[in-house]
Amino acid sequence: MMTLTQAFAELEDYVDASDPDLDLPNLVLQARVDLGDLQLQHVIGEGSFGRVCFGLWHGQRAEAWPVAVKTLHRYRIVEESLRSTIRAAELELSLPPHPHIVGLLGVAWSVDSARVVLISEFCAGRSMAQVLESGSSREWEMHRKMTAAA
């Protein structure tokens with residue numbers, strides 16, 4: 001098993017290494033966000049992957065943009081998890097925008113603070129898990145269910 005320091009060194013090597021197996025996909029590199037541009041507000045959820053916070057992304061916009069910031073649990077920062085997170089981010093970033101799918105906006109990481117984060121669009125209201133657990137989606141009309149599934 002890789003140590004936290006080794007895992008982050010490996011992640012940083014993705015960017016600088018000449019080994020093609022270690023290169024980050026261009027989509028992920030282009031979506032890299034400076035952690036200093038994120039302002040975390042409060043926790044909105046937590047699971048086996050990590051913690052999700054409501055945050056503000058200052059970036060290149062005049063006004064801060066509300067986002068969901070998913071932070072990978074430190075014990076999850078091992079080579080296999082980093083590789084699968086990078087693959088998932090690449091896939092999500094390659095998808096065209098869709099009105100019914102929360103989009104991935106960026107990724108960020110830092111060796112110094114031992115953090116890997118995914119920045120997504122923020123959707124107010126309940127989480128998908130809460131909607132499914134409440135059973136309220138069972139009461140939807142068929143056309144609404146079909147629209148949500150599309």
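Where is Ser120 found? Hi everyone, let's start there: Ser120 is found in strand β5, strands being DSSP E runs of at least two residues, numbered from the N terminus. A quick note first: this is a predicted model, in which local features need pLDDT of at least 70, side-chain atom pairs count only at pLDDT 80 or more, and totals for chains, interfaces and linings use all residues. Residues are numbered from 1 along each chain as its sequence is written, and side-chain values use heavy atoms, with hydrogens and water left out.

Back to our serine. Ser120 counts as buried because its relative accessibility is 12%, buried meaning under 20% relative accessible area with a 1.4 Å probe, protein chains only. Beyond its neighbours within four places in sequence, Ser120 is in contact with Val67, Ala68, Val102, Gly103, Leu104 and Leu105; contact means heavy atoms within 4.5 Å.

Now the sheet around it. Here 5 strands form an open sheet, ordered β1-β2-β3-β5-β4, with antiparallel pairing; two strands pair if DSSP finds at least two bridges between them. β1 (38–46) and β4 (104–110) stand at the edges with a single partner strand each, so one side of each is left without a neighbour in the sheet. Further in, antiparallel strands β2 (residues 50–57) and β3 (residues 65–72) are joined by 8 bridges. As one example, Val52 has Lys70 as its bridge partner in β3.

And what pairs the strands of a sheet? Backbone hydrogen bonds do that, in either parallel or antiparallel fashion.

How values were computed. Helix = DSSP H or I, 4+ residues; strand = E, 2+ residues; numbered from the N terminus. Buried < 20%, exposed > 50% of the residue type's maximum accessible area, 1.4 Å probe, protein only.
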